[in-house]
Amino acid sequence: MNPPAHYDDLDADLAHAWAMLARGVADRRSAFRTPTLGTIGVVGSPQVRTVVLRGCDVGRRTLRFHTDLRSGKVAELQLRPLAALHFYDAGQKLQLRIAGTTQLHHDDDVARAAWAAS
């Protein structure tokens with residue numbers, strides 16, 4: 001089995017990863033549509049749950065998902081705005097792990113645009 005063309009090229013790997021993330025937003029059948037989100041719980045324990053990828057801005061290197069304001073993840077991210085996302089495509093045998101800082105949007109232009117688009 002030959003590895004994919006991007007296998008030994010870091011720039012091509014990164015471009016492929018962002019293409020997979022963008023596809024996750026556009027294609028409901030994409031394996032990257034529903035990643036696992038990891039946060040730090042309010043008492044310090046790890047928490048994971050599945051979210052739906054709703055936005056991917058390759059240029060700004062941002063991802064977006066929606067959640068209910070009353071959910072536990074909101075309180076967790078307000079306390080510690082750190083998160084990790086885990087994506088897995090079994091068909092491609094491709095795993096992508098992303099960690100970064102989060103920004104919550106509620107009652108602002110970003111939130112209103114997301115509601116209007118849904």
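Let's start with Arg61, which counts as exposed because its relative accessibility is 52% (buried means under 20% relative accessible area, exposed over 50%, and partly exposed in between, with a 1.4 Å probe and protein chains only). Keep in mind that this is a predicted model, where local features need pLDDT of at least 70, side-chain atom pairs count only at pLDDT 80 or more, and totals for chains, interfaces and linings use all residues. Residues are numbered from 1 along each chain as its sequence is written, and side-chain values use heavy atoms, with hydrogens and water left out.

- Arg61 isn't a glycine, yet it has a positive phi of about 55 degrees.
- To find Arg61, look in the loop between strand 3 and strand 4 (helices, H or I with at least four residues, and strands, E with at least two, are DSSP runs numbered from the N terminus).
- Asp107 is another residue other than glycine with a positive phi, near 55 degrees.
- Asp107 sits in the loop between strand 6 and helix 3, and it counts as exposed because its relative accessibility is 59%.

**Salt bridges**

- Side chains of opposite charge can pair when their charged atoms come close.
- How many salt bridges does a search of the whole structure find? The search turns up 5, where a salt bridge is a side-chain nitrogen of Lys or Arg within 4 Å of a carboxyl oxygen of Asp or Glu.
- One of them joins the side chains of Asp27 and Arg23, at 3.1 Å from N to O.
- Is Asp27 buried or exposed? With 14% relative accessibility, Asp27 counts as buried, whereas Arg23 is partly exposed at 42%.
- Here's Asp107 again: it forms a salt bridge with Arg112, and their closest N and O atoms are 3.2 Å apart.
- Arg112 also forms a salt bridge with Asp109, with the closest N and O atoms 3.1 Å apart.
- Arg112 and Asp109 are separated by about one helical turn, because they are 3 residues apart in helix 3.
- Arg112 is partly exposed at 44% relative accessibility, while Asp109 counts as exposed at 60%.
- Put together, Asp107, Asp109 and Arg112 are linked in a network of salt bridges.

**A nonpolar patch on the surface**

- Which residues form a nonpolar patch on the surface? They are Val42, Val43 and Leu79, and together they have about 320 Å² of accessible area.
- A patch is made of residues with over 30% relative accessible area and no salt bridge, with like charges joined within 9 Å and nonpolar side chains (Val, Leu, Ile, Met, Phe, Trp, Tyr) within 5 Å.
- Accessible areas come from the Shrake-Rupley method with a 1.4 Å probe, and for residues only the protein chains shown count as cover.
- Val43 belongs to the loop between strand 1 (36-40) and strand 2 (46-50), and it counts as exposed because its relative accessibility is 74%.

**The largest pocket**

- The largest pocket holds about 1200 Å³ of space.
- Of the 36 residues lining the largest pocket, Leu63, Arg64, Phe65, Gln103 and His105 are the closest to its centre.
- Elements that give two or more residues to this lining include strand 3 (53-57), strand 4 (62-65) and helix 2 (72-79).
- Which element gives the most to the lining of the largest pocket? That's helix 3, with 5 residues.
- The lining of the largest pocket divides into 17 nonpolar, 12 polar and 7 charged residues (Ala, Val, Leu, Ile, Met, Phe, Trp, Tyr, Cys and Pro count as nonpolar, Asp, Glu, Lys and Arg as charged, and the others, Gly among them, as polar).
- A pocket is found on a 1 Å grid over the protein atoms alone, as an open set of points where a 1.4 Å probe fits, with protein on both sides within 12 Å along at least five of seven lines; lining residues have an atom within 4 Å of a point.
- Grid points are joined across faces, edges and corners, and a volume is the space filled by probe spheres set on the points.

**The second largest pocket**

- About 450 Å³ of space lies in the second largest pocket.
- Its lining has 20 residues, and His6, Asp13, His16, Leu94 and Gln95 lie nearest the centre.
- Helix 1 (10-26) and strand 6 are the elements that give two or more residues to the lining of the second largest pocket, and helix 1 gives the most, with 6.
- By class, the lining of the second largest pocket has 11 nonpolar, 5 polar and 4 charged residues.
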